[in-house]
Amino acid sequence: MTNQIKRRRFLGAGTGAVLGTAAVGLMQAPGVRAVGPDTGATAVGTRSTKVTVVPADPRYPDLTSGMNQRWQARPDKVVLPRTTQEVVETVREAVAAGKRLSVVSGGHCFEDFAYNADIEINIKLSLMNEVRFDTSMNAFAVGGGATLLDVYEALYEGWGVTIPGGICHSVGVGGHITGGGFGNLSRQYGLTVDHLHAVEVVVVDANGTVRSVVAARDSADKALRELFWAHTGGGGGSFGIVTTFWFRTPGATGAPGNLLPKAPSQVYLTLAGWPWEKVTPEGFSRLVTYWGRWLEQNNTAGTTAGSLYSWLLLNHRDSGSIGAVVQLDASLPGAATVLSDFLAGMDRALGLSSAVKRSSGVLDSAHTTTRLLPWLRGTKYIGSISPTQLDPTTRSIHKSSHLRRVTPQRQIDAMYRHLTSTDGPSALTGVVLSASGGRIATVSPTDTAVAQRDAIMKANFESLWYDARDDAKNIAWVRAAFRDVYADTGGVPAPNDITDGCYVNYPDGDLSDPDHNASGVPWHDLYWKGNYARLQRVKRAWDPRDVFRHRQSIRL
């Protein structure tokens with residue numbers, strides 16, 4: 001494993017945390033949650049269990065910023081509820097006082113949606129992190145303050161199942177799930193929202209009444225079904241505060257262990273690293289083309305190749321190397337051969353050849369190392385091999401794109417120019433390509449709010465650094481690289497036969513700025529394309545006062 005692989009901040013969490021979760025209540029009426037003894041909610045006459053942190057509290061500095069240290073807030077208070085009812089009470093207080101509120105699940109949002117100068121009350125859901133099986137819903141209930149690692153451990157250790165979520169396991173489920181959520185098992189099992197069954201949401205009606213409702217995939221009430229649909233990729237912070245997610249794969253029946261995808265017993269996990277001094281312009285071009293072409297040609301759901309997941313880490317030359325991360329379920333037919341051939345193809349594309357060694361049945365070169373690991377151990381490992389992955393002191397900027405075809409040569413050439421620039425950006429700067437397709441592509445773009453179902457990959461242009469004095473040069477690098485790569489479509493990946501817009505869980509405030517988006521395609525259509533009008537109808541129905549809003553929330 002190269003030093004650069006160790007230093008990289010791998011992105012797969014699909015972040016953008018603005019919503020969250022709590023305990024499960026009693027069913028009072030279709031879609032409405034009552035406060036009762038089984039909810040853990042605050043009963044009448046009992047003492048509240050929520051935590052309130054004000055500026056004088058020593059905990060305050062830790063609770064007023066997230067992972068991206070570019071964004072800070074100075075709210076009047078931070079409230080950490082333990083129950084849905086306490087969320088209702090806090091929202092009711094904010095509405096009555098006309099105070100601006102925001103909600104944090106894990107705090108990984110790339111933009112300032114949860115932490116900014118306008119926020120007066122921040123609701124942090126980290127104490128609402130229960131994961132359990134709910135017999136009344138016949139589904140797994142997850143609290144919105146839970147992290148992905150909370151979910152992975154509880155589901156796997158308790159029932160042997162999982163959801164196909166991201167590799168950054170400190171991400172909160174709130175933003176991850178509501179934005180669509182993807183990870184290393186997504187080509188095999190789809191997006192996280194493909195296994196979402198229901199959500200409990202704290203909402204505010206036109207009269208200012210605050211309540212919680214349950215919206216399910218199969219709710220009898222159409223308005224509730226639409227509210228559920230909006231949470232399958234509509235992003236966080238637009239409709240209400242999710243206080244419970246329930247997961248059950250559509251059509252699944254039987255015992256709890258049959259209701260979600262089985263986690264692999266073992267996975268092949270490969271780390272690859274190629275020194276930049278050995279990468280020629282031609283080799284770079286062949287590598288990016290090979291990687292995309294392979295995804296185009298191996299995109300069939302249910303096959304071994306269609307389940308292989310990979311990240312191509314096109315790091316800036318100052319980092320010293322470029323790399324890749326590859327994962328494949330080791331139990332799939334011919335898995336070792338499929339993986340060996342894929343890895344060899346990357347070496348050949350770069351024009352590099354070396355002695356081959358066998359690692360756990362996989363043919364590795366001098367540039368790749370493959371390990372056969374139990375799934376949960378591998379998941380924890382891949383989420384922690386980069387110090388910046390879990391580092392809460394970095395500053396960053398990110399821009400994203402979906403691609404439906406192999407990257408065109410002009411775009412590859414633009415990437416190479418910027419990745420080999422001499423302007424001295426952070427060593428943690430580059431372009432991360434992540435695989436899509438497979439099972440993801442079997443779902444209609446209107447069945448969930450995720451519109452980019454036939455994309456074969458995502459691209460994430462990023463820079464991470466530590467010193468505020470370096471903001472300008474790192475932000476400028478990412479903006480310039482993104483603009484140049486997509487110069488043919490107004491500086492953004494406007495939907496066409498090659499590019500297909502942006503990923504809402506890698507939010508980008510520049511998309512709303514005509515100085516950075518000259519495509520004529522509004523920011524919301526870059527995220528949601530034709531699904532945006534439907535999301536607006538849900539917004540008008542469930543948040544008519546626009547209580548839940550940020551710079552790129554759904555507009556009324």
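**Salt bridges, burial and a sheet**

Reply: The side chains of aspartate 488 and arginine 410 meet in a salt bridge, at 3.0 Å from N to O. Aspartate 488 lies in the loop between α11 and α12 and arginine 410 in helix α10 (residues 409–419), so this pair ties together parts that are 78 residues apart in sequence. Helices (H or I, at least four residues) and strands (E, at least two) are DSSP runs, numbered from the N terminus. This is a predicted model, in which local features need pLDDT of at least 70 and side-chain atom pairs count only at pLDDT 80 or more, while totals for chains, interfaces and linings use all residues. Residues are numbered from 1 along each chain as its sequence is written, and side-chain values use heavy atoms, with hydrogens and water left out.

Me: What is a salt bridge, and how many does the structure hold?

Reply: Side chains of opposite charge can pair when their charged atoms come close. The term here means a side-chain nitrogen of Lys or Arg within 4 Å of a carboxyl oxygen of Asp or Glu. The structure holds 21 salt bridges.

Me: Are aspartate 488 and arginine 410 buried, partly exposed or exposed?

Reply: Buried means under 20% relative accessible area, exposed over 50%, and partly exposed in between (1.4 Å probe, protein chains only). Aspartate 488 is exposed, with a relative accessible area of 61%, and arginine 410 is partly exposed at 32%.

Me: Which residues of α10 are buried, and what covers them?

Reply: An α-helix has 3.6 residues a turn, so residues three or four places apart point the same way. In α10 the buried residues are Gln411, Ile412, Ala414, Met415, Tyr416, His418 and Leu419. Their cover, judged by contact (heavy atoms within 4.5 Å), includes α7 (281–297), β13 (309–315), β18, β19 (428–435), β20 (457–465) and α11.

Me: What is the strand order of the open sheet of 4 strands, and which strands are at its edges?

Reply: Strands of a sheet pair through backbone hydrogen bonds, either parallel or antiparallel. Two strands count as paired if DSSP finds at least two bridges between them. The order is β3-β4-β6-β5, with mixed pairing. The edge strands, β3 (51–53) and β5 (101–104), each pair on one side only. Neighbouring strands of this sheet are turned by 20° against each other on average, direction ignored.

Me: How many bridges join β5 to β6, and which helix packs on the sheet?

Reply: β5 and β6 (residues 121–124) run parallel and are joined by 4 bridges; serine 102 has asparagine 122 in β6 as its bridge partner. Helix α2 (residues 84–97) packs on the sheet, touching β4 (77–80), β5 and β6, and its direction makes about 165° with that of β6. Axes are lines fitted to C-alpha atoms, for helices over the stretch in contact, and angles run from 0 to 180 degrees between N-to-C directions.
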